[in-house]
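Thanks for coming. I have one structure to go through today, and I will keep to what can be read from the coordinates. Here it is.

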Amino acid sequence: MAKAVVNQDACVGCESCVGACPVSAISVNDGKASVDAGTCERDFTVKNF
Ligand code: SF4
């Protein structure tokens, strides 16, 4: 099953997604977000952040 990925070209590093992820799989380093594939549960129910 595919995991969530971040479009690195579009990410502005605002960190809005970090707190929205229910399993804390997202982190922002050097101004770009990334998803820990081992933590991501592909729960795409988060829509409002
Ligand atoms: S930090 Fe997260 S919410 Fe902000 S632009 Fe990047 S991917 Fe989108």
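Start with burial. Of the 49 residues in the chain, buried residues make up 8%. Buried here has a cut-off: 20 or more other C-beta atoms within 10 Å of the residue's own, while 12 or fewer is exposed and anything in between is partly exposed, with C-beta atoms placed from the backbone.

Before going on, a word on the source. This is a predicted model, in which local features need pLDDT of at least 70 and side-chain atom pairs count only at pLDDT 80 or more, while totals for chains, interfaces and linings use all residues. Residues are numbered from 1 along each chain as its sequence is written.

On confidence, pLDDT is the predictor's confidence in each residue, from 0 to 100. The chain averages 88, and 84% of the residues score at least 70. By element, the mean is lowest in α1, at 94, and highest in β1, at 97. Where pLDDT is low, the predicted coordinates should not be read in detail.

Now the layout. The chain has 1 helix and 2 strands, and from the N terminus on the order is α-β-β. Helices (H or I, at least four residues) and strands (E, at least two) are DSSP runs, numbered from the N terminus.

The two strands first. Strand β1, residues 26–29, and strand β2, residues 32–35, run antiparallel and are joined by 4 bridges. For pairing, DSSP has to find at least two bridges between two strands. Ile26 stands opposite Val35 in β2, and Asn29 has Lys32 as its bridge partner in β2.

The hairpin has 2 residues between its strands. Asp30 is found in that loop, between β1 and β2, and its phi is positive, near 55 degrees, in a residue other than glycine. Is Asp30 buried or exposed? Asp30 is exposed, because 6 other C-beta atoms lie within 10 Å.

There is another residue of this kind. Glu15, also not a glycine, has a positive phi near 70 degrees. Glu15 lies in the segment before α1, which covers 16–20. Glu15 counts as partly exposed because it has 13 C-beta neighbours inside 10 Å.

Lys32 has 14 other C-beta atoms within 10 Å, so it is partly exposed. Which residues does Lys32 touch, not counting those up to four places away in sequence? They are Gln8, Cys11 and Gly13. A contact means that the C-beta atoms of two residues, placed from the backbone, lie within 7 Å.

Next, the ligand. What surrounds the ligand? The residues are Val6, Cys11, Val12, Gly13, Cys14, Glu15, Ser16, Cys17, Val28 and Ala33.

Cys17 sits in helix α1 and is partly exposed, because 18 other C-beta atoms lie within 10 Å. From Cys17 to Ala33 the C-alpha distance is 8.2 Å, across 16 residues of sequence.

Back to burial, with one example. Ala25 is in the loop between α1 and β1. Ala25 is buried because it has 20 other C-beta atoms within 10 Å. Ala4 is 21 residues away from Ala25 along the chain, with 9.5 Å between the C-alpha atoms.

Last, the ends of the range in sequence. Arg42 is in the segment after β2 and counts as exposed, because it has 12 C-beta neighbours inside 10 Å. Arg42 and Lys3 are 39 residues apart in sequence, yet 5.5 Å apart in space, C-alpha to C-alpha. Taking contacts in the chain between residues at least 6 apart in sequence, 44% join residues at least 24 apart.

That is what I have. Questions are welcome.

Methods. A residue is near a molecule or strand if its C-beta atom, placed from the backbone, lies within 6 Å of it.
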